[in-house]
Amino acid sequence: MDYKEFLGLGIAGNFALHLAQAGELEDFKDVITEDEAAPKGIFPFYLPCDPSCASSLTYKPKEMLYTYPLSSDTITLPQEDVNVQAEPEVALVCELTYAGDHIAHITPTHFGAYNDCSIRVAGASKISDKKNWGKNSKGVSKKLFKIDKFSDGGVMDNYNIASFLRRDGDVHAYGEDVELSGYSYFYEKLTAWIKNQVNSQKEFGPLEPVSEYINACGKPEKLLISIGATRYTPYGESTFLQSGDEVIVVVYNNAKTSASKVLKAVQESTYDSTIMSILAQSVE
């Protein structure tokens, strides 16, 4: 599926310990949240409009945010000599409705595997500076599952996320294998937080005035949002991507398969798309 008409957003700090592992706690030292477990903020990774739409804004989005970054099979490393890590995440496809200049309702319709690939560099002024460096800098699976209801008792209760790195023929666990319910904010608590955060977030520290961007882009009715990176394994925390690698993110039905079977499927590159959302990206 092509998401060029979708607003692209991401959530920072929605899984315990990830920001510390990614070396990003310092970036958010002045960001205060009402709840200690709450995510730190929302960042844009793609704006589905022309840069001229934001010409009247006081704080203007970076030019690169208008470049479509999603791929289902490739990660292209930046031209600069910088460290890059995969960030295994779950993505939600959502429908948006508005009341005036604010989001009124967010309805998640589908979910699947996502790679919020990120540059690791100290001192970036905004989160988005590390998130979109051009074509093939992000990843989303071709296979997404339909959401029956985004609440307890729904289909997502039975899903895990795991991730791997294939290097020189060997498969390594890159992110921890965890249930989706392990996210700090999930289901109705998450959609309520997203709506409030988008509508209220100001330009401050690493954060940007997302609502202003959305209005400048004509209030897109479709949203692709990554809901936060999971924790790395020790290998993943210390390993940056290089050309020739393959990054694999798997969102799988834990009632119909197991972690050991998922590992075997990754090792053999044989996937059952009826119970797995697979994102396998070659790094170049």
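The questions and answers below go through a predicted model, from its strands to its turns.

Me: How many residues of strand 7 are buried?
Reply: Strand 7 covers residues 102-115, which is 14 residues. The strand is mostly covered. The number of buried residues is ten.

Me: How many bridges join strand 6 to strand 7?
Reply: Strand 6 spans residues 88-99, and it runs antiparallel to strand 7. The two strands form a hairpin with two residues between them. At one place in this pairing, A99 stands opposite H102. The number of bridges is twelve.

Me: Which residue in the turn between strand 6 and strand 7 has a positive phi?
Reply: The turn belongs to the hairpin that strand 6 and strand 7 form. The phi in question is about 65 degrees. The residue is G100.

Me: Which residue in strand 10 is the bridge partner of F111?
Reply: Strand 10 is made of residues 145-146 and pairs with strand 7 in the antiparallel sense, over two bridges. The bridge partner of F111 is F145.

Me: Which residue in strand 9 is the bridge partner of Y114?
Reply: Strand 9, residues 138-140, is joined to strand 7 by two bridges, and the two run antiparallel. The bridge partner of Y114 is V140.

Me: Which residue does the disulfide join to C49?
Reply: The structure holds one disulfide. Its S to S distance is 1.9 Å, and a pair of cysteine sulfur atoms must lie within 2.5 Å to count. The partner of C49 is C217.

Me: How many residues apart are C49 and C217?
Reply: C49 is in the loop between strand 2 (41-46) and strand 3 (70-71). C217 is in the loop between helix 3 (210-216) and strand 13 (222-226). Both cysteines are buried. The pair links distant parts of the chain, 168 residues apart.

Me: How far from C94 is the nearest cysteine sulfur?
Reply: C94 is in no disulfide. C94 has 1% relative accessibility, so it counts as buried. The nearest cysteine sulfur is that of C217, and the distance is 17 Å.

Me: Does C117 count as buried or exposed, and why?
Reply: Buried means under 20% relative accessible area. C117 has 0% relative accessibility, and therefore it counts as buried.

Me: Why is the pair of Y46 and Y68 edge-to-face?
Reply: The structure holds twelve aromatic pairs, and in the pair of Y46 and Y68 the ring centres are 5.3 Å apart. Planes over 60 degrees apart count as edge-to-face. The pair is edge-to-face because its planes are at 80 degrees.

Me: How many residues apart in sequence are the parts that Y46 and Y68 tie together?
Reply: Y46 lies in strand 2, and Y68 in the loop between strand 2 and strand 3. Both Y46 and Y68 are buried. The parts they tie together are 22 residues apart.

Me: What is the angle between the planes of Y174 and Y232?
Reply: Y174 is in strand 12 (residues 170-179), while Y232 is in the loop between strand 13 and helix 4 (234-238). Both of these residues are buried. Their rings form an edge-to-face pair at 5.6 Å centre to centre, and the angle is 90 degrees.

Me: Is D168 buried or exposed, and why?
Reply: D168 lies in the loop between strand 11 (159-167) and strand 12. Its phi is positive, near 55 degrees, and it is a residue other than glycine. Most residues other than glycine have a negative phi. The relative accessibility of D168 is 72%, so it counts as exposed.

Me: What is the relative accessible area of K219?
Reply: K219 is in the loop between helix 3 and strand 13. K219 has a positive phi of about 55 degrees, although it is not a glycine. K219 is partly exposed, with a relative accessible area of 28%.

Conventions
Residues are numbered from 1 along each chain as its sequence is written. This is a predicted model: local features need pLDDT of at least 70, side-chain atom pairs count only at pLDDT 80 or more; totals for chains, interfaces and linings use all residues. Side-chain values use heavy atoms; hydrogens and water are left out. Buried means under 20% relative accessible area, exposed over 50%, partly exposed in between (1.4 Å probe, protein chains only). Helices (H or I, at least four residues) and strands (E, at least two) are DSSP runs, numbered from the N terminus. Two strands pair if DSSP finds at least two bridges between them. Rings of Phe, Tyr and Trp (its six-membered ring) pair if their centres lie within 6.5 Å; planes under 30 degrees apart count as stacked, over 60 as edge-to-face and the rest as tilted.
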